[in-house]
Amino acid sequence: ALQAGEIARAATTLDALREAMADFDGCSLKRTARQLVFGDGAPDARIMFVGEAPGAEEDRIGRPFVGRSGQLLDRMLAAIGLDRSQVYIANTVPWRPPGNRTPTPQESAICRPFIERQIALVNPDVLVCLGGPSAQALLGVREGILRLRGRWSTYNVGDAGIRALPTLHPAYLLRSPLQKRLAWRDFRAIRAALDESAAS
Ligand code: URA
């Protein structure tokens, strides 16, 4: 069977990648999930958000961030003048883990070429990692999200670099609403980075 890396490299459009991922049988998460939850939004978005994994609602509907976390994310986007039509949203793994557990390091590693290819094809100016598992999977860091959040780094695609910012996951903010002030700081920084990249 082909590895995710070869399949991802062969896909030169998001539609081709979606089809290839739907046919991929190399990740055990697919066996318990109802369907593939591919990225969603504007294929030419200047900003891309990457969450952890689909939850129950996403698994049912087949789109990322359509449950309670997604509704909070929509409000956070609106606060910086954005809506879903201007962003691209995906997850580190495209199938719901049983009981919404965090993907294992193995599942995360198997699926990583798929999210990396989506990022390369969208090629945003700004990449936002929602929560620790996303930041860890994409930026190769080990620290927890409370240490990582608000600190810009670079996500490398070939020779190019994309500005990347880890921030708190909306599901965490639903449980710990007092932390919204930290997320708000990050979202203001995201807005500023977008304005800066538009001006240059
Ligand atoms: N949480 C995530 O990380 N991703 C989703 O798509 C929904 C909830």
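Colleague: Where is A193 found?

Modeller: This is a predicted model. A193 is found in helix 10, residues 180-199.

Colleague: What makes A193 partly exposed?

Modeller: A193 has 18 other C-beta atoms within 10 Å. Buried needs 20 or more, and exposed needs 12 or fewer. The count of 18 falls in between, so A193 is partly exposed.

Colleague: Which residues does A193 touch, leaving out those up to four places away in sequence?

Modeller: A193 touches V126 and R163. V126 is 67 residues from A193 along the chain, and their C-alpha atoms are separated by 7.4 Å.

Colleague: V126 brings us to strand 4. How do you know that strand 4 is mostly covered?

Modeller: By counting its residues: 5 of 5 are buried. Both faces are covered. V126, V128 and L130 are buried on one side, and L127 and C129 on the other. In a regular strand, side chains alternate between the two faces of the sheet.

Colleague: How many bridges join strand 4 to strand 2, and how many join strand 4 to strand 6?

Modeller: Strand 2 and strand 4 are joined by 4 bridges and run parallel. Strand 4 and strand 6 are joined by 5 bridges and run parallel too. Two bridges are enough for a pair, so both count as paired.

Colleague: What is the order of the strands in the open sheet?

Modeller: The 6 strands have the order 1-3-2-4-6-5, with mixed pairing. Why do strand 1 and strand 5 stand at the edges? Strand 1 (40-41) and strand 5 (153-157) each have a single partner strand, so one side of each is left without a neighbour in the sheet.

Colleague: How does strand 5 run against strand 6, parallel or antiparallel?

Modeller: Antiparallel, with 5 bridges to strand 6, residues 160-167. One of the pairs is N156 with G161 in strand 6.

Colleague: Which helix lies across strand 5 and strand 6?

Modeller: Helix 7, residues 132-139. Helix 7 also lies across strand 2 and strand 4, and runs at about 130 degrees to strand 4.

Colleague: Which residues have the most contacts inside the largest nonpolar core?

Modeller: M48, V50, V87, L127, V128 and C129, in a core of 54 residues. Helix 6 gives the most to this core, with 7 residues. Beyond its sequence neighbours within four places, V87 is in contact with residues including I47, M48, F49 and L77.

Colleague: Now the backbone angles. What is the phi of F65?

Modeller: Positive, about 50 degrees, although F65 is not a glycine. F65 lies in the loop between helix 4 and helix 5. N123 also has a positive phi, near 50 degrees, and is not a glycine either. N123 is in the loop between helix 6 and strand 4.

Colleague: Which residues are around the ligand?

Modeller: Among them are F65, G51, E52, P54, E58, N91 and A171. The shell divides into 5 nonpolar, 5 polar and 2 charged residues.

Methods
Residues numbered from 1 in each chain as written. Predicted model: local features only at pLDDT ≥ 70, side-chain atom pairs only at ≥ 80, totals over all residues. Contact = placed C-beta atoms within 7 Å. Axes fitted to C-alpha atoms, helices over the stretch in contact; angles between N-to-C directions. Near = placed C-beta within 6 Å. Nonpolar A, V, L, I, M, F, W, Y, C, P; charged D, E, K, R; others polar. Core = buried A, V, L, I, M, F, W, Y, C linked by C-beta atoms within 7 Å.
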